[in-house]
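The sequence and the structure come just below.

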Amino acid sequence: MSKTNMNGARKAHGAKREIIDEIKENFKKAKSAVFINYKGITVKQVSKLRDDLRAEDASYKVYKNTFVVKALEELGVEVDKKEFENTLAVAFSFGDELVGARILKQVVDATGKVKFAFSYLGTKKLCEAETIALASIPCRETLLGQLVFVLQAPMQKLAIGISEIAKKSA
């Protein structure tokens, strides 16, 4: 191999190493990573998806599957290489664990072509069905509102009951 070819091979290896390290860093920082089979999504939809995710402290990336497998293996995560045979993209959620899944669900529902593949919630691997279930969980604010309503209802009924008793007594 000539000296020029060797330098080119070193640069290519260095670039691959940088990408693998980036993937590892994203997995370390992310609270969840949701993989989708993105075949059928338009450039316009990808642009909107990236913007929506960025606004919620998340990101959308398309990597070579071999790089993702290598990064996961280096992190000690068990990988089924058969799952990485499709055209996959990943949404990393750095804040709210479920935001990536919820935003991707909107794209899945809107296109009918894009499909969930699997996800990682922390280090726990979830199948497609579990990922869909996670994506259906409302955001934290909605859940807190529902909790307040549930807690408020018995007190409200008690107040109405006392009020009715007071009216009958008067």
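## Ser119 and its neighbours

Leaving aside residues up to four places away in sequence, Ser119 touches Ala33, Val34, Phe35, Lys124, Lys125, Leu126 and Thr131. The model in which these contacts are found is a predicted one. With one of these neighbours, Thr131, Ser119 makes a polar contact from side chain to side chain, at 2.7 Å.

Ser119 belongs to strand β4. Its relative accessible area is 2%, so Ser119 is buried. Another of its contacts, Leu126, is also its bridge partner in β5.

## The sheet

Strand β4, residues 115-121, runs antiparallel to β5, and three bridges join the two. Both belong to an open sheet of five strands in the order β2-β3-β1-β4-β5, where the pairing is antiparallel. At the edges are β2 (58-61) and β5 (124-126), each of which pairs on one side only. From one strand to the next, the twist averages 15 degrees. As a general point, the strands of a sheet pair through backbone hydrogen bonds, in either a parallel or an antiparallel way.

On one side, β3 is joined to β2 by four bridges, and the two run antiparallel. Here Tyr60 stands opposite Ala91 of β3. β3 also pairs with strand β1 (residues 32-37), in the antiparallel sense and over six bridges. Ala33 has Phe92 in β3 as its bridge partner.

## Strand β3

How many of the six residues of β3 are buried? Six of the six are, and the strand is mostly covered. Side chains in a regular strand alternate between the two faces of the sheet. In β3, Leu88, Val90 and Phe92 point one way, while Ala89, Ala91 and Ser93 point the other way; all are buried. Phe92 has a relative accessibility of 0% and therefore counts as buried.

## Aromatic rings

A pair of aromatic rings is described by how far apart the centres are and by the angle of the planes. The structure holds nine aromatic pairs. One of them is formed by Phe27 and Phe92, whose centres are 5.1 Å apart with 90 degrees between the planes, an edge-to-face arrangement. This pair links distant parts of the chain, since Phe27 is in helix α1 (residues 3-29) and Phe92 is in strand β3 (residues 88-93), 65 residues apart. Both Phe27 and Phe92 are buried.

Phe92 also pairs with Phe94: the ring centres are 6.3 Å apart and the planes are at 20 degrees, so this pair is stacked. Ring pairs link Phe27, Phe35, Phe84, Phe92, Phe94, Phe118 and Tyr120 into a cluster.

## Lysines over rings

The charged end of Lys29 sits over the ring of Phe94, 5.5 Å from its centre. Lys125 lies over the face of Phe118, and its distance from the ring centre is 4.8 Å.

## Glu83

Where does Glu83 lie? Its place is in the loop between α3 (65-74) and β3.

Not counting residues up to four places away in sequence, Glu83 touches Leu88, Phe118 and Lys125. Glu83 and Ala117 are 34 residues apart along the chain, and their C-alpha atoms are separated by 7.8 Å.

Notes. Residues numbered from 1 in each chain as written. Predicted model: local features only at pLDDT ≥ 70, side-chain atom pairs only at ≥ 80, totals over all residues. Heavy atoms only, no water. Pairing = 2+ DSSP bridges. Axes fitted to C-alpha atoms, helices over the stretch in contact; angles between N-to-C directions. Phe/Tyr/Trp six-rings, centres within 6.5 Å; stacked < 30°, edge-to-face > 60°. Buried < 20%, exposed > 50% of the residue type's maximum accessible area, 1.4 Å probe, protein only. Lys NZ or Arg CZ within 6 Å of the ring centre and 35° of its normal. Contact = heavy atoms within 4.5 Å. Polar contact = N/O pair within 3.5 Å; in protein donor to acceptor, adjacent residues only side chain to side chain.
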